[in-house]
Amino acid sequence: MSDQVASGSAPPDGGGEGSHPLLSLALAGMMDDVQAHSGAIYLLSEVRQVLEMAVMAGLPRAFAAPWERVALTAPLPVAEAVRDRRLIWVPGEDDMARRYPRISVVLPYHFALAALPVATADRVYGAVFVTWPGSHPPEISAGERAHLIAACDRLALRLQRAAATGHDVVHEPDFLGTAARAGTRGAVEAVQMVTRVPDGMCALDVDGRVTFANAAMAELVGAQVTELLGSTLWTTLPWLNDPAIEDRYRAAMLSQHSTSFVALRPPQDWLLFRLHPSRSGISVQVTPADATAQDTPLGARRDAPQDVPPDAPVVGGPWGRPVRLVAISQLLDLASALTEAVGVSDVVELVADEIMPAAGSSALVMLGPDGGRLRVLGQRGYDDPRVVDRFDGMLLTARTPGAHALATGVPSFFETREQLERLYPARVATPDGMAAWAYLPLIASGRPVGTCVLGYAQPHRFSTDERAVLTGLGGLIAQALERARLYDTKHRLAHGLQSALLPHSLPRLPGLEVAARYLPGTHGMDIGGDFYDLMRGSAEGDLFRGAVHAEAAAVIGDVQGHNVAAAGLMGQVRTAVRAYTAVGQPPGRVLSSTNRLLIDLDAELLASCVYLHLDLPHHRVLLARAGHPQPLLRDPDGRVHVLDLTGGPLLGIDRSSFYPTTGIPLLPGSVLVLYTDGLIETPGADIDDALAELAGRLERGADQPLEALADSLIGDRTEAPTRGDDIALLLLRPPR
């Protein structure tokens with residue numbers, strides 16, 4: 001049995017197979033196999049698609065408080081391990097900051113981490129993470145990798161058997177520390193030796209509680225030994241009640257490096273605290289500090305070995321009442337998470353994923369003002385949405401706690417239903433199934449932007465510290481919500497503009513099959529300057545040699561940018577192309593005229609374009625190109641060609657640019673493919689390989705109906721979470 005389990009109190013039945021604590025034993029075993037000093041097991045809640053921490057070992061759960069519940073979509077190692085079904089390795093502080101800044105902001109210490117999924121071939125049961133001190137080599141060894149993967153596979157099989165037999169695997173108590181190995185006589189002698197030492201000496205367990213203190217320690221800090229035992233130094237001694245002290249303890253436990261700090265015991269006694277960590281806790285040595293150490297400024301590296309006392313930062317002075325470090329870590333994590341929120345729905349989801357678990361609430365409602373009324377922006381935790389929807393549209397002057405918090409900017413906390421109904425009797429008739437509530441006004445830029453309502457299934461006592469933390473969280477949420485509502489407004493405006501500028505449908509032309517697709521990029525405002533169009537031919541000019549009139553004209557283009565300006569200029573370019581087509585200009589002249597217009601508009605944006613005239617009776621097409629990707633042509637016999645069209649420069653560069661016209665046959669059954677660069681350009685991918693892959697898809701699928709072929713050429717980009725650029729696609733096929 002591992003050291004961790006041997007020393008701690010045996011956890012009760014975890015609800016798995018037999019009467020053994022399934023999760024605790026599995027976690028202890030894998031930590032022992034790889035000599036990790038902390039770890040945790042998460043179980044997947046399939047209903048909410050959230051990983052919930054079921055047991056933690058080696059460190060207090062407060063270290064991981066912001067991540068007790070992790071959404072599968074979260075940019076965190078355990079979630080990524082589940083999504084990718086692979087081991088995630090983070091070798092140290094720099095890599096953590098680069099890949100997972102939300103963790104690095106809260107735990108800026110030097111340690112290594114591995115995260116793995118707990119899964120069988122057909123089902124995910126959860127995830128595991130384990131950590132090592134910063135002294136671990138930068139690469140995980142083959143043996144460590146094999147041990148961890150095998151242990152997770154065994155755990156997955158045991159969870160599978162437990163599920164098959166109807167045994168619920170429940171959360172288990174955390175276990176900490178390592179076994180004491182000294183005999184009784186040795187322990188007594190050690191205590192006697194420490195008692196005789198003139199320096200102050202005490203031992204902290206992994207939770208930071210004092211388990212032993214000698215008389216010199218009590219004398220130096222001005223407290224009785226009995227007062228120190230069983231509590232943390234920073235709660236027993238008011239002059240140590242500073243987040244920097246707890247930060248030192250956390251740094252020592254995570255990095256397993258010795259550290260130190262200097263603190264002022266009022267009125268004038270400076271003390272040097274040296275912290276020496278191990279997997280079972282921390283040994284603390286306290287001595288009077290010299291003048292050199294007292295003058296040392298704050299800001300020394302927190303997790304590096306510190307053998308020289310002058311490197312220790314100073315703690316003390318008129319700091320006021322400090323905030324607990326756990327609360328600070330939750331604020332930091334939420335602030336980091338909210339930077340990822342784009343729209344209002346993102347803010348609601350992030351607050352639900354981050355705040356509800358930390359606050360212990362069962363439900364969340366986000367309210368916002370709109371036209372003098374209260375609107376429900378989103379909710380979590382109410383199975384029946386009608387419970388929340390009945391508050392949507394209430395006047396801001398209504399006597400409700402949500403409207404009151406929004407109007408006054410003052411938070412309200414109701415610990416029982418009786419408290420709420422005493423102030424707001426109307427709520428008697430509108431129960432929501434909750435028993436306690438926190439109404440947090442969201443104030444940004446000096447004005448109210450919404451109300452965040454947390455509901456609790458049971459009566460809940462809000463301590464002074466909890467009220468302060470929740471009120472602080474409201475400020476962070478407000479800033480994110482204000483940005484998100486502004487983004488959503490601009491997003492709707494931009495999409496409305498782009499929708500109005502792109503063709504709602506393409507004309508039906510005898511002798512021509514047409515299919516088109518447009519996908520906006522996901523960067524910026526999800527809009528852009530890609531466009532396409534199909535127009536009936538003009539009878540006013542000779543578009544082909546031999547006085548043959550065009551049956552149709554088509555265009556595809558890409559205006560630089562992904563914003564409203566790009567979309568607006570795209571509309572102007574498309575309108576210009578239609579106008580020049582209507583007066584019968586040939587392809588080269590259409591592009592020359594559009595180029596001069598773009599320069600006259602002084603838009604400082606460039607555009608690429610392919611424009612063509614179709615002579616359907618004679619199976620011929622004339623094309624002109626302005627800096628645009630070459631079209632593809634599939635012959636009726638199945639061969640695919642990349643058309644090598646001589647073209648001119650991008651539109652908007654030079655008024656005198658010339659755009660030559662090229663004529664090619666377009667036989668019945670051929671497919672002409674026009675596209676923008678978003679279809680073939682992917683960061684890190686070779687464009688020639690991407691073009692060859694597109695040609696392969698065209699070759700394999702050209703006998704499909706044209707709509708199905710368009711979907712095949714777009715591929716999985718429709719469902720891709722990120723697209724760096726817009727994609728426009730236009731397919732033309734004369735039927736056989």
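Helix H21 (residues 687-701) packs against helix H22 (residues 706-714) at an angle of about 155°, the two axes lying 9 Å apart. Axes here are lines fitted to C-alpha atoms, for helices over the stretch in contact, with angles running from 0 to 180 degrees between N-to-C directions. H21 and H22 are therefore roughly antiparallel (angles under 35 degrees count as roughly parallel, over 145 as roughly antiparallel, 65 to 115 as roughly perpendicular, and the rest as oblique). Their crossing is right-handed, meaning that the near helix is turned clockwise from the far one by less than a right angle. On the H21 side the contact (heavy atoms within 4.5 Å) is made by Leu694, Arg697, Leu698 and Gly701, and on the H22 side by Leu709, Ser712, Leu713 and Ile714. Sorted by type, that makes five nonpolar, two polar and one charged; Ala, Val, Leu, Ile, Met, Phe, Trp, Tyr, Cys and Pro count as nonpolar, Asp, Glu, Lys and Arg as charged, and the others, Gly among them, as polar.

All of this comes from a predicted model, where local features need pLDDT of at least 70 and side-chain atom pairs count only at pLDDT 80 or more, while totals for chains, interfaces and linings use all residues. Residues are numbered from 1 along each chain as its sequence is written, and side-chain values use heavy atoms, with hydrogens and water left out.

Zooming out, the protein chain has 22 helices and 28 strands (DSSP runs numbered from the N terminus, helices being H or I of at least four residues and strands E of at least two). Of its 736 residues, 53% are buried, with buried meaning under 20% relative accessible area, exposed over 50% and partly exposed in between (1.4 Å probe, protein chains only). Among contacts between residues at least 6 apart in sequence, 63% join residues at least 24 apart.

Two strand residues give a closer look. Asp533 sits in strand S20 (residues 529-536) and, at 1% relative accessibility, counts as buried. Its side chain makes a polar contact of 2.7 Å with that of Arg578; such a contact is a pair of N or O atoms within 3.5 Å, where within protein one must be able to donate a hydrogen and the other to accept it, and residues adjacent in sequence count only if both atoms are side-chain atoms. Beyond neighbours within four places in sequence, Asp533 is in contact with residues including Pro503, Val555, Arg574 and Leu730.

Cys202, in strand S7 (residues 200-204), is buried too, with a relative accessible area of 5%. Leaving out residues up to four places away in sequence, Cys202 touches Val210, Phe212, Ala213, Met217, Leu233, Ile282, Ser283 and Val284.
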